[in-house]
Amino acid sequence: MKELVLGIETSCDDTAAAVVTPDGEVLSSIIVSQEEIHSKFGGVFPELAGRAHVLSIIPAIEKALSESGITPKDIHSIGVTRGPGLVGSLLVGLHTASGLGMGWDKPVIGINHLRGHLRSADLGEKRVEYPAMVLLVSGGHTFLAHMKSAVDIDVLSSTRDDSVGECYDKVSRMLGLGYPGGPVVDRTAKTGEATIPFPRPMLQKGLEFSFSGLKSAVSRYLQFLEEPPNVENIAASFVESVMEILITKTRRAMLKYPCTSLVVVGGVAASPQLREQAQNLCDEMGAKLCLPPIKWSTDNAAMIALATWDYINLGVFPAAQPALGLPMNEL
Ligand code: KG4
Ligand code: ZN
C-alpha cells in the first residue's frame with residue numbers, strides 16, 4: 001500500500017473528504033453538496049453551512065476511507081483547509097482533522113484553499129508543465145499567478161471588488177435563474193445572442209480584474225427595461241463580456257511572463273465557454289492547456305490532499321488553525 005493523505009475541505013458549502021497518493025492519484029473523493037439548503041436564499045447562508053458540515057463531515061470521511069479500501073493506519077498525514085473561507089465552516093473541518101490526528105497519531109497540516117485550487121490541474125494525472133500561467137476563477141477569488149514549479153508561485157493580480165463567480169451568481173439571481181449561478185447562466189447563454197453591449201471593466205491595461213461594474217450594468221439594464229427581459233440574450237451578453245475580460249487579461253500575462261502551459265482552475269473553470277476560449281488562446285500562444293476534470297474544478301478535498309503532499313515533500317507543516325483572511329501571496 002502506498003502512503004496516503006486524507007484531505008478535508010469545508011471552507012464554504014461543500015463537505016468534502018478524499019484519499020490521494022503522492023502522485024495525485026485519487027483513490028476516493030466524496031463531496032456532500034449543500035446546494036439544496038442554500039438555493040432558496042440565492043446564496044450561501046453561513047450559519048446553515050456550518051451546521052450542515054457538522055452533520056456531514058464524519059460520514060464523508062468514513063465514506064472516503066471505505067471507498068478507497070483503506071484504514072486509518074494507511075494514512076501518512078491529514079491535510080485540511082485552514083482558509084480563506086467562512087469561519088463556522090472552516091472550524092468544523094479543522095476541529096475534525098485535529099481530533100482525528102490526535103486519535104490516530106497522524107500529523108495534521110493546514111492548507112490554503114487557493115493553493116488547493118492551483119494544484120487541482122494535476123489531479124488524476126500530471127498535466128502541468130512549468131513555467132505555467134494560472135487563471136484562478138472561483139466564487140471567492142479571481143487572479144492570475146505565475147508558477148515556476150508546484151511550490152514556487154507568484155500571484156500577479158487580484159480583483160478590485162467581486163470575483164467572477166460571485167458576479168455569475170448575482171446575475172443569475174437577477175435573472176431568476178437560481179443558485180449556484182455559473183452552470184445555469186452558461187446553459188442559458190448558449191441559447192441566446194450577445195446583443196447587449198455590457199461593459200468590460202479595466203480591459204485596456206493591467207492584470208487586475210474588476211467585476212462589480214459589470215454586475216451593476218446588468219442590474220441597471222433590467223431596472224430600465226420596458227419590455228419583459230430576454231433572459232437568454234442577457235445571459236449570452238454577460239458571458240461574452242466575462243470571457244473577453246478573462247481571456248484578454250490572461251493573454252496579456254502570457255505575453256509578459258514565460259509559460260509553457262496555461263492552467264485554468266476554480267469553480268468557473270467548469271464553464272464550457274471558458275474551456276473553449278482558453279483552448280483557442282493556447283492554440284494562439286503555442287501553450288498547453290491544463291484543466292482539472294470538471295468534477296475537481298469546484299470545491300473538493302482531493303485538491304487539498306495534493307497540496308498537502310507539496311508541504312510534506314518540502315518538510316513544512318503549516319498549523320491546522322483558522323486563517324480567515326489569508327493574504328493571497330501566502331499560499
Ligand atoms: O471554486 P468554487 O467551487 O468555490 C469557491 O472556492 O468559491 O467556485 C464556486 C463558483 C460559483 O460562483 C459558481 O457559480 C461557479 O463557481 N461555477 C461556474 C460553473 N460552475 C460553477 N461558473 C461558470 N460556469 C460554470 N459551469
Ligand atoms: Zn474554492
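User: Happy to look at this predicted model with you. Where is D105 found?

Analyst: Let's start with the backbone. D105 has a positive phi of about 60 degrees although it is not a glycine. Most residues other than glycine have a negative phi. As for its place, D105 is found in the loop between helix 3 and strand 5 (108–112).

User: Is D105 buried or exposed?

Analyst: The cut-off for exposed is over 50% relative accessible area. D105 has a relative accessible area of 70%, so it counts as exposed.

User: And M202, which has a positive phi too: what is its relative accessible area?

Analyst: M202 has a phi of about 55 degrees and sits in the loop between helix 6 and helix 7 (212–223). Residues between the buried limit of 20% and the exposed limit of 50% are called partly exposed. M202 is partly exposed because its relative accessible area is 30%.

User: Which residues are the protein donors of the zinc ion (ligand 2)?

Analyst: Good one to check in the viewer! The donor residues are spaced H-x3-H-x181-D in sequence. H113 lies in helix 4, while D299 is in the loop between strand 10 (288–290) and helix 10 (302–314), so distant parts of the chain, 186 residues apart, are linked by this pair. Both of these residues are buried. At 2.0 to 2.1 Å from the zinc ion, the protein donors are H113 (NE2), H117 (NE2) and D299 (OD).

User: What is the arrangement of the four donor atoms around that zinc ion?

Analyst: A tetrahedral label needs all angles to lie between 85 and 135 degrees. Here the four donor atoms subtend angles of 96 to 136 degrees, which makes the arrangement irregular.

User: Why does the largest pocket lie between domain 1 and domain 2?

Analyst: The pocket holds about 1200 Å³ of space and is lined by 43 residues, with D13, G139, D169, Y179 and P180 nearest its centre. It lies between the two because residues of its lining come from both domain 1 (4–120 + 296–330) and domain 2 (129–290).

User: Which helix gives the most to the lining of the largest pocket?

Analyst: Several elements each supply at least two lining residues, among them strand 3 (26–33) and helix 4 (113–119). The most, six residues, come from helix 5.

User: What is omega for the peptide bond from Y179 to P180?

Analyst: P180 is found in the loop between helix 5 and helix 6. Most peptide bonds are trans. The bond from Y179 to P180 is cis, and its omega is near -5 degrees.

Definitions and conventions
Residues numbered from 1 in each chain as written. Chains lettered and ligands numbered in written order. Predicted model: local features only at pLDDT ≥ 70, side-chain atom pairs only at ≥ 80, totals over all residues. Heavy atoms only, no water. 1 Å grid on protein atoms, 1.4 Å probe; cavity = no way out; pocket = protein on both sides within 12 Å on 5 of 7 lines; lining within 4 Å. Points joined across faces, edges and corners; volume = space filled by probe spheres on them. Helix = DSSP H or I, 4+ residues; strand = E, 2+ residues; numbered from the N terminus. Domains from an automatic or database assignment. Donors = N, O, S within 2.8 Å, 3.2 Å for Na, K, Ca; no water. Tetrahedral: all angles 85-135°; square planar, octahedral: opposite > 155°, others 65-115°. Buried < 20%, exposed > 50% of the residue type's maximum accessible area, 1.4 Å probe, protein only.
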